[in-house]
Amino acid sequence: QRLPEPGIPWLIYSGAVFCAVAGCDHLDCHGGPFRVVFIATDDDDEIVKASVYSSETGAWSLKASLDSNSEPYAKHRRDAMLAARARYYTPYVQPRRGAVIGDEVYFTLRYGNAIVKYDWSRNCLSMINQPSPSVSSTCVALMVMEDMSLGFAGTWGSSLYLWSRKVDSEGEAEWVQCRVIELETIVPVANSNDKPVVVGSAEGVGLIFVSTGVGLFTIELSSGKVRKVDELGDYFSVLPYMSFYTPG
């Protein structure tokens with residue numbers, strides 16, 4: 001189904017499609033009303049913009065924006081410019097798959113894999129803290145954990161780190177490191193300088209995709225089993241097909 005343009009200027013964008021059923025885990029949705037979140041950045045400003053489309057109304061919501069009026073966002077921009085010793089920084093949205101949890105969709109920004117949260121029920125954008133210390137990797141994956149918390153997977157050296165964002169009854173959140181998987185002996189690499197990088201995940205089946213100079217591999221979190229699924233390539237974000245739907 002082709003949607004109307006969201007009316008947001010964009011250069012780099014990401015998005016998410018999910019059903020409109022309250023409480024659904026969005027792992028095997030078929031038919032019925034749906035929503036599409038579109039989040040984007042461009043070179044004309046330093047603002048993150050988002051909107052949500054409803055199949056029930058056939059229209060996009062009013063644009064939500066995240067700019068330097070938000071102190072966490074302003075700090076993110078200052079930190080990025082300081083780290084790069086630059087006078088200008090465009091907070092490009094990373095064209096990776098977003099993680100959908102309830103009314104919230106999570107994406108990452110260019111510098112440091114900063115995490116942006118879009119609450120589609122309130123049409124509001126905000127930033128949340130990353131795991132600390134954060135993985136120093138350009139490639140990470142946001143994912144939905146088994147307990148429906150937000151997961152963050154990334155690599156440091158030859159190790160895969162996995163965090164889960166736990167929210168208590170009062171709404172306070174903290175990151176908990178739940179797994180460290182040593183990849184050196186289980187994922188083939190081309191040479192001593194070749195390090196595995198995270199390029200995606202498959203929710204509901206507990207798989208992490210990692211890429212090396214040898215090819216693309218999946219790691220099954222429950223068993224640690226590694227399987228080669230594709231040959232050497234320039235992978236940035238893997239988007240696995242989880243299910244198929246034929247109308248009618």
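The structure holds 10 aromatic pairs. Here a pair means rings of Phe, Tyr or Trp (its six-membered ring) with centres within 6.5 Å; planes under 30 degrees apart are stacked, over 60 edge-to-face, and the rest tilted. The model is predicted: local features need pLDDT of at least 70, side-chain atom pairs count only at pLDDT 80 or more, and totals for chains, interfaces and linings use all residues. Residues are numbered from 1 along each chain as its sequence is written, and side-chain values use heavy atoms, with hydrogens and water left out.

Take Phe-18 and Trp-120. Their rings form a tilted pair, 5.8 Å centre to centre with 45° between the planes. Phe-18 lies in strand β1 (residues 12-19), while Trp-120 lies in the loop between β8 (115-119) and β9 (124-128), so the pair ties together parts that are 102 residues apart in sequence. Strands (E, at least two residues) and helices (H or I, at least four) are DSSP runs, numbered from the N terminus. Phe-18 is buried at 3% relative accessibility. Trp-120 is buried too, with a relative accessible area of 17%. The scale is this: buried is under 20% relative accessible area, exposed over 50%, and partly exposed in between (1.4 Å probe, protein chains only). Elsewhere, one aromatic cluster is formed by Trp-10, Tyr-13, Phe-34, Phe-38, Tyr-53 and Trp-60.

Now the sheet. Four strands form an open sheet in the order β6-β7-β8-β9, with antiparallel pairing. Its edge strands are β6 (99-101) and β9, each pairing on one side only. From one strand to the next, the twist averages 25°. Axes are lines fitted to C-alpha atoms, for helices over the stretch in contact, and angles run from 0 to 180 degrees between N-to-C directions. Strands of a sheet pair through backbone hydrogen bonds, either parallel or antiparallel. Two strands count as paired if DSSP finds at least two bridges between them. β6 and β7 (residues 104-108) pair in the antiparallel sense over 3 bridges. Within this part of the sheet, Val-100 stands opposite Val-105 in β7.

Which residues does Val-105 touch, beyond those up to four places away in sequence? They are Ala-16, Phe-18, Val-37, Ala-99, Val-100, Val-116, Lys-117, Tyr-118 and Trp-120. Contact means heavy atoms within 4.5 Å. Both rings of the tilted pair, Phe-18 and Trp-120, are among these partners. Val-105 is buried, at 0% relative accessibility. Val-105 and Pro-6 are 99 residues apart in sequence and 17 Å apart in space, C-alpha to C-alpha.

Lys-117 lies in strand β8. Leaving aside neighbours within four places in sequence, Lys-117 is in contact with Glu-104, Val-105, Tyr-106, Cys-124, Leu-125, Ser-126 and Ile-128. One of these contacts carries charge: the side chains of Lys-117 and Glu-104 meet in a salt bridge (3.6 Å, N to O). Lys-117 is in β8 and Glu-104 in β7, so the pair ties together parts that are 13 residues apart in sequence. Lys-117 counts as buried at 19% relative accessibility. Glu-104, at 22%, is partly exposed.

In total there are 10 salt bridges. The rule asks for a side-chain nitrogen of Lys or Arg within 4 Å of a carboxyl oxygen of Asp or Glu. Asp-42, Asp-45 and Lys-49 are linked in a network of such bridges. Lys-49 bridges to Asp-42 with the closest N and O atoms 2.3 Å apart, and to Asp-45 at 3.4 Å, N to O. Lys-49 is buried at 1% relative accessibility. Asp-42 is buried at 5%, whereas Asp-45 is partly exposed at 24%.
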